[in-house]
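The report below moves from the overall fold to the ligand site and then to a pocket.

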Amino acid sequence: VNPQDGIERIEVPVLVVGAGPAGMMSALLLASSGLSCRVVERRAGPQRAPAAHVVNARTLEICRSAGLDMAALDAASASPADAGHVYWMTRLAGQELGRLPFEQQGDDVLAVTPTPLRNLSQHRFEPLLLERLRKEAGAEVRFGHEWEEAEQDADGVTSRVRDRESGVRYAVRSRWLLAADGAGSRVREWLGIRPVGPDRIQSFVMIHFGASLRPLVAERPGVIYWLSDPDASGCLVAHDIDSTWVLMHPFDPDGERAEDYTEAVCAELVREALGSRAIDPTVLTVSTWTMTAQVAERYRSGRAFLVGDSAHRFPPTGGLGLNTGVQDAHNLAWKLGAIASGWAPECLLDSYEAERRPVAEENAQQSLRNATRMLEVAQALGLSQDREASRARHAETIADPAGLRRVRAAIEAQAEHFDMLGLQLGFAYEAGAMVPDGSEKTVPANPVRDFLPSARPGARVPHAWVGRQGRRISSLDLFAYDAFTLVAGPEGGAWADAATSVDAVPVRRIVIGRDVEDPGGRWTALLGIETDGALLVRPDQHVAWRSQRGSRDPCDTLRRALTRIVAASSGA
Ligand SMILES: Cc1cc2nc3c(=O)[nH]c(=O)nc-3n(C[C@H](O)[C@H](O)[C@H](O)COP(=O)(O)OP(=O)(O)OC[C@H]3O[C@@H](n4cnc5c(N)ncnc54)[C@H](O)[C@@H]3O)c2cc1C
């Protein structure tokens with residue numbers, strides 16, 4: 001307690017503001033890299049209303065390496081049979097205009113990832129993250145605690161936090177501050193960092209309701225239903241076909257008032273969307289929401305970092321928001337851990353923005369492209385702002401076989417939006433904590449849809465099924481979050497010996513054929529090394545350096561590479 005103002009003051013290496021997916025994953029990974037933290041969250045508990053529902057393969061890989069209970073995650077997800085399609089319907093119980101498969105969720109993706117994408121609603125995901133976090137001695141979560149303001153100096157940040165229940169304020173002195181406080185980030189505002197990009201693309205009322213719609217969905221189980229009837233427009237998201245749904249209904253903040261969307265009004269909107277009065281929906285929560293496509297101009301100010309939605313806000317068309325936030329956390333936490341442990345200089349932190357901001361920009365653009373392209377379906381149906389005219393054209397179009405063909409073609413043109421494995425797994429860093437190896441980047445025909453595994457520095461190290469001590473594991477399971485890993489080809493023992501002489505940075509060693517079996521040499525081929533080559537993989541499973549062949553002086557080569565990775569990491 002400070003004797004001057006009587007305010008309690010606690011000290012912790014990292015203060016994380018916000019216990020959404022980005023904040024909780026940050027805390028979990030900080031703990032894995034040996035850094036204690038406190039998370040303050042103004043809500044009383046985890047998210048209760050559904051928001052995000054796409055948890056993609058890369059995010060699940062991170063969950064797996066962070067020790068989450070993957071069986072529990074799977075059990076909380078919609079089955080791929082239920083969540084395998086998106087539909088365009090007049091109304092839920094009306095006419096189907098078209099359908100598309102929803103993402104690659106089947107066993108064939110197991111060739112490129114151990115964890116295919118799942119539909120796991122955020123309000124089911126967050127309690128599982130929290131359960132895992134509660135087991136970490138180094139991470140402390142305080143619900144009902146709100147970050148109010150801070151001051152920072154050369155050595156740290158002093159934040160003022162208020163316990164909402166008691167009203168008591170206390171000070172937290174931390175070496176670093178992570179702003180995982182979401183789209184309306186107060187920390188970002190305090191730092192004076194501007195979000196760049198359109199801030200109001202379209203607004204919606206989100207009506208979260210309970211109902212079992214299995215009978216209406218019948219032989220069309222799906223995850224999203226885009227509705228075209230001008231008297232029922234919007235989109236239905238099935239978080240659980242048997243119990244939990246959201247209707248996203250267009251909302252005009254300039255001409256409408258949110259409070260006019262009463263429970264009765266919302267229930268009626270839902271009945272219209274369903275196109276059936278046989279089911280009585282229970283309206284659970286109603287909120288308004290505005291679609292934006294923004295990326296913060298900077299990700300860092302001094303000792304404070306933006307993580308998740310505080311750094312970027314995307315249109316939901318692509319399901320990239322939550323995923324990008326979890327991946328930000330994965331990129332940043334090990335770097336903070338490395339500096340705290342003394343094996344990397346502070347400048348390593350410059351690589352966070354250099355690596356993650358371009359990914360967010362790309363994801364914002366793709367989400368926006370997906371949203372814009374959806375207008376083609378509305379155009380093919382003759383829909384416009386004029387509801388009278390829309391009614392007539394919509395009816396005419398769907399009654400006319402040529403009109404329906406045009407609508408189907410417009411739906412087919414949306415395929416990329418719902419099939420983004422290339423973007424989800426293929427993002428790679430071009431500049432940052434890595435040493436380029438001069439190899440050409442191989443760009444697939446459609447980089448959003450097609451995923452080409454690559455071990456070029458900056459890329460996520462390829463997954464393959466390998467053997468260790470008689471067990472079949474994913475090659476991604478070989479990497480620990482608190483060290484670099486040197487992977488050497490079967491004749492690359494000299495690289496592994498050289499790694500033992502590096503004492504400045506923790507490096508684990510794996511020699512293929514000695515420490516891990518690579519049946520058929522598939523993984524070695526994906527790594528792009530000869531039998532005497534090697535590569536260095538960072539704690540976040542991105543390749544930092546690669547030598548396709550052996551070297552005359554592996555000790556010196558490796559030492560130089562590591563120095564460059566951890567020290568000259570802003571990409572300059
Ligand atoms: C309708 C909808 C659908 C979506 N669909 C998808 C999808 O399918 N896939 C996807 O990836 N993303 C989707 N998203 C986006 C996704 O919900 C967000 O990207 C995600 O929640 C961001 O996580 P976060 O941890 O960065 O922020 P948040 O989840 O917003 O968490 C921030 C937390 O900080 C807390 N906080 C704020 N200020 C303070 C303060 N001063 N003190 C203490 N705590 C504070 C908040 O209470 C909140 O809990 C969707 C969003 C919406 C609205």
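What follows is a report on a predicted model.

## Overall fold

The protein chain is built from 16 helices and 26 strands, and its C-alpha trace spans about 75 × 70 × 40 Å along the principal axes. For 572 residues, a compact globule would have a radius of gyration near 25 Å, and because the protein chain has 25 Å, the model agrees with that expectation.

## Surroundings of the ligand

There are 30 residues around the ligand, and those that come nearest are Ala22, Glu41, Gln122, Asp309 and Leu322. Sorted by class, this shell holds 14 nonpolar, 10 polar and 6 charged residues. The elements α1 (21-32), β2 (37-41), β8 (145-152) and α8 (321-340) each contribute at least two residues to the shell.

## Polar contacts and burial

Arg43, by contrast, uses its side chain, with a polar atom lying 3.0 Å from an oxygen atom of the ligand. The ligand taken alone exposes 990 Å², of which the protein buries 89%.

## The second largest pocket

Rolling a probe the size of a water molecule over the atoms shows where empty space is left. The second largest pocket has a volume of about 720 Å³, and its lining consists of 33 residues, with Gly426, Phe427, Ala428, Glu430 and Lys441 lying nearest the centre.

Which classes of residue make up the lining of the second largest pocket, and how many residues fall in each? The lining has 18 nonpolar, 6 polar and 9 charged residues.

Note on methods: Residues are numbered from 1 along each chain as its sequence is written. This is a predicted model: local features need pLDDT of at least 70, side-chain atom pairs count only at pLDDT 80 or more; totals for chains, interfaces and linings use all residues. Side-chain values use heavy atoms; hydrogens and water are left out. On a 1 Å grid over the protein atoms alone, a cavity is a set of points where a 1.4 Å probe fits but cannot get out, and a pocket is an open set with protein on both sides within 12 Å along at least five of seven lines; lining residues have an atom within 4 Å of a point. Grid points are joined across faces, edges and corners, and a volume is the space filled by probe spheres set on the points. Ala, Val, Leu, Ile, Met, Phe, Trp, Tyr, Cys and Pro count as nonpolar, Asp, Glu, Lys and Arg as charged, and the others, Gly among them, as polar. A residue is near a molecule or strand if one of its heavy atoms lies within 4 Å of it. A polar contact is a pair of N or O atoms within 3.5 Å; within protein, one must be able to donate a hydrogen and the other to accept it, and residues adjacent in sequence count only if both atoms are side-chain atoms. Accessible areas come from the Shrake-Rupley method with a 1.4 Å probe; for residues, only the protein chains shown count as cover. Helices (H or I, at least four residues) and strands (E, at least two) are DSSP runs, numbered from the N terminus. The radius of gyration is taken over C-alpha atoms; the globule rule is 2.2 Å times the number of residues to the power 0.38.
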